[in-house]
Amino acid sequence: MTATLPTTTFPNGVSVPVLGQGTWHMGESQATRAEEVSSLRLGLDLGLTLIDTAEMYADGGAERVVGEAIAGRRDDAIIVSKVLPSNASLSKTLRACEDSLKRLGTDHIDLYLLHWRGGVPLSETVEAFERLQQDGKIRAWGVSNFDVDDMEEVEELAPGKVATNQVLYNLSRRGIAFDLVPWCAERRAPIMAYSPLDEGRLLGNATLKRVAAAHGATVAQIALAFVLATPDIIAIPKTGRPDRIRENLAAVDIRLTDEDMSTLDAVFPPPSRKRPLEMI
Ligand SMILES: NC(=O)c1ccc[n+]([C@@H]2O[C@H](COP(=O)([O-])OP(=O)(O)OC[C@H]3O[C@@H](n4cnc5c(N)ncnc54)[C@H](OP(=O)(O)O)[C@@H]3O)[C@@H](O)[C@H]2O)c1
């Protein structure tokens, strides 16, 4: 088990571990709720302080699970939540944020993202984010599922303000490495990689199994180690099982060799040209 987790820094100076905790599908079933809360709490105990959630997940239910997990220990957590594009107008964003704060049981969200781009002019959402930040309701804001052209637009509207872009990135979805990763690196905005296990689809891959066996590791750990091998990328796997929190955490100590990378490249080729941004 690692003693100190590697970190990256958001443009506002807040340092975060490069491994966080996802929450999609949490709060959907009463039967698994207690275990979900326990997983998040164990993660916090072990230093996985970054918790990613959204008003969309379980229609607010995931934020309530997070609220329960951080109750009495708000300062241990760095909370990321997201506003739906259908709520991204000025007035609706302000309201959506208040609703998220209530469900989370906190007076501030550390990082508030536009979940994906919809029909509302970006300038309006940015204005809402800026107002929420001035009011202390959010500490920073960013976007999700934005390709490079969208990022350029947001950068023009509010230079240097976008803290992150949360996008799909894993071994079988490597497109962003071609353009978005260098774009964000140049602006020192870490990328949050969602679905780092491709929602579990990577787990049966034969090549990954071979690489995992050579490291005495699990396939999930190798898939996470691949994502974490890119500097300033934060992986946010979701698990509602405490045993898997420990397993996923141990991935930060795995170093893939050049030979491992060549083996993985042969099966999951890196992009050689621009690919449109994929999303789930
Ligand atoms: N911004 C966006 O548009 C967007 C889109 C998708 C996701 N996200 C965020 O990113 C997070 C992660 O993505 P994701 O949930 O889609 O997919 P993921 O993290 O790639 O995979 C989650 C799945 O893998 C399983 N799993 C986790 N650790 C495992 C392990 N060590 N061994 C075997 N199975 C394991 C989980 O099941 P158990 O829970 O049973 O362990 C779950 O079924 C989400 O929860 C959400 O917070 C954001």
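This is a predicted model: local features need pLDDT of at least 70, side-chain atom pairs count only at pLDDT 80 or more; totals for chains, interfaces and linings use all residues.
Is Trp-24 buried, partly exposed or exposed? With a relative accessible area of 27%, Trp-24 is partly exposed.

Residues are numbered from 1 along each chain as its sequence is written, and side-chain values use heavy atoms, with hydrogens and water left out.

I begin with the aromatic rings. The structure holds four aromatic pairs. Rings of Phe, Tyr and Trp (its six-membered ring) pair if their centres lie within 6.5 Å; planes under 30 degrees apart count as stacked, over 60 as edge-to-face and the rest as tilted. One of the pairs joins Trp-24 and Tyr-57, which are stacked, at 5.8 Å centre to centre and 25 degrees between the planes. This pair links distant parts of the chain, 33 residues apart: Trp-24 is in the loop between β2 (15-17) and α1 (30-45), and Tyr-57 is in the loop between β3 (50-52) and α2 (61-70). Helices (H or I, at least four residues) and strands (E, at least two) are DSSP runs, numbered from the N terminus. Tyr-57, at 7% relative accessibility, counts as buried.

The rings of Tyr-112 and Phe-129 have planes at 65 degrees and centres 5.5 Å apart, so this pair is edge-to-face. Tyr-112 belongs to strand β5 and Phe-129 to helix α4, 17 residues apart. Both Tyr-112 and Phe-129 are buried. Together with Trp-141, these two residues are linked by ring pairs into a cluster.

I turn now to salt bridges. How many does a search of the whole structure find? The search finds 20 salt bridges, each being a side-chain nitrogen of Lys or Arg within 4 Å of a carboxyl oxygen of Asp or Glu.

In one of them, Arg-117 meets Asp-150, with the closest N and O atoms 3.0 Å apart. Arg-117 lies in the loop between β5 (111-114) and α4 (122-134), and Asp-150 in helix α5 (residues 148-157), so the pair ties together parts that are 33 residues apart in sequence. Arg-117 is partly exposed at 28%, whereas Asp-150 is buried at 16%.

Lys-161 forms a salt bridge with Glu-130, and here the closest N and O atoms are 2.6 Å apart. Because Lys-161 lies in the loop between α5 and β7 (162-168) and Glu-130 in helix α4, this pair ties together parts 31 residues apart in sequence. A network of salt bridges links Arg-173, Asp-198, Glu-199, Arg-201 and Glu-278.

Finally, I consider two helices. Helix α7 (residues 206-215) and helix α8 (residues 219-228) pack at an angle of about 95 degrees, with their axes 8 Å apart. Axes are lines fitted to C-alpha atoms, for helices over the stretch in contact, and angles run from 0 to 180 degrees between N-to-C directions. The angle makes α7 roughly perpendicular to α8, a term that covers 65 to 115 degrees. Contact means heavy atoms within 4.5 Å; α7 contributes Leu-208, Lys-209, Val-211, Ala-212 and His-215, and α8 contributes Val-219, Ile-222 and Ala-223.

Terms used. Angles under 35 degrees count as roughly parallel, over 145 as roughly antiparallel, 65 to 115 as roughly perpendicular and the rest as oblique. Buried means under 20% relative accessible area, exposed over 50%, partly exposed in between (1.4 Å probe, protein chains only).
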